[in-house]
Amino acid sequence: MRDTPRPQPSRRASAILAAALALCLSSTAFSASPPSSSKDRLWMSTNYLEHPEEGLYELQYNAPTGAVFASVMDRVRRDDNLGYLYAFDGKTLALKGRYDMPYRAFSLTQDAQGKWLYVGHTQAASLRISKVDPKTGKVALTSERLHVDPSEPKHEHLRHVVHSAQTGELFTAYIGSVKENDKYRSFYRLLILDGETLKVKGEVENAFPSVGYALHLDRATQRIFTAGSDYINEIDPVKRQVVRTLRLDDTVKPRVNNLVGLAVDAKGGRIFASQFIHQPRPGAENEQDGLYVFDRNSGKQLAFVPTGKGGVTLAYSPKHDEIYVSNFRSGTISVVDGKTYEITQQIPAHVFPNMMALADDESALYVGLKQGFSKMWNPEEFVEGAKEQILRITLDRDAP
């Protein structure tokens, strides 16, 4: 474990990146004028992971430390099952720490006070969750292996995880597959863990009634939301049950195929969902990646915005009334006006923008930029020597 301060990325390198991004913005079809100075909105800076073999995944902004944390795994030496937790300064992106984790690190969340970080170790070889002190990077506890089916499922994974302030519990998405008649059938669960002991306490029935990857906690209402191939579920964490289901049938245009990102506008009564189509179905001409907007109560579709290919995740800022979408395959980050649903900026990332996190005061957006995925989606291929990055986008005017 190392937690000694690292030097900040050079100002010259940051300036070159910002200038290049601003130049690209000026020629993008949906963009407004590029920033004229560092005091304008959408000014950008970046920093890198230490090794090209490392892959950056989920992000969390931790208010007590003022740091942005990133879950990281060594994706080359897979058998070694190596994982890390990176800490970057929330304003400068200077590297504050790189901490060893017990296993490969993928998912990441925290409690409402930011006292604890929870790291999900996704692969079947680990399939655990660790509780980490953000001030020291030390692991306080790691759960037992989260095996849930007696029939020995294959290809088990943990996806996203959220923490409920109402119950003090963790809710984590679990995916497994079992062999039936010489074929594998996948199943999806929402497991409940005690936030202190990391013991499994149960699961939410029908949280994922079919294929589903999206999991989101709305801090304002403390409700949990899941989504997938044709539904959005709202879950009461206290009752541990689904209290509302939005059925997304063929009246939704374009047709829903695979919702992977969620955000909620509690005050405006809206749900935002990003679509990333991995496998087009028959009638694929009626399916498209991008941003959906639904009425939270009725499920009525309010808008669809074709932000780009591979809408992998999103974030909503009530302060700015903007939705941000990372378009993995297009290599762009879309800024969408929350009133008109028009794209006001299409920020080129040049690589693969992935998971995102907002600062607590919504003054900045953080985006993980992945490297080395081939166009054929082979995670084993990576660009020799190319390190993955974290990108900071300033959202407030006159903010540092």
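What is the accessible surface of the protein, and how much of that surface belongs to carbon and sulfur atoms? The accessible surface comes to about 17,300 Å², and 49% of this area belongs to carbon and sulfur atoms (Shrake-Rupley method with a 1.4 Å probe; for residues, only the protein chains shown count as cover). The structure is a predicted model, in which local features need pLDDT of at least 70 and side-chain atom pairs count only at pLDDT 80 or more, while totals for chains, interfaces and linings use all residues. Residues are numbered from 1 along each chain as its sequence is written, and side-chain values use heavy atoms, with hydrogens and water left out.

The protein contains one helix and 28 strands (DSSP runs numbered from the N terminus: helices are H or I of at least four residues, strands E of at least two). Of its 400 residues, 57% count as buried (under 20% relative accessible area, 1.4 Å probe, protein chains only).

Histidine 163 is located in strand S10 (residues 154-164) and is buried, because its relative accessible area is 10%. Beyond its neighbours within four places in sequence, histidine 163 has contacts that include Thr109, Asp111, Tyr118, Glu169 and Leu217 (heavy atoms within 4.5 Å).

Most residues other than glycine have a negative phi, and most peptide bonds are trans. Leucine 127, in the loop between strands S7 (117-121) and S8 (128-132), has a positive phi of about 55°; leucine 127 is buried at 0% relative accessibility. Tyrosine 341 has a phi near 60° and lies in the loop between strands S24 (332-337) and S25 (343-348). The peptide bond from lysine 253 to proline 254 is cis, with omega near -10°.

Note on methods:
Buried means under 20% relative accessible area, exposed over 50%, partly exposed in between (1.4 Å probe, protein chains only).
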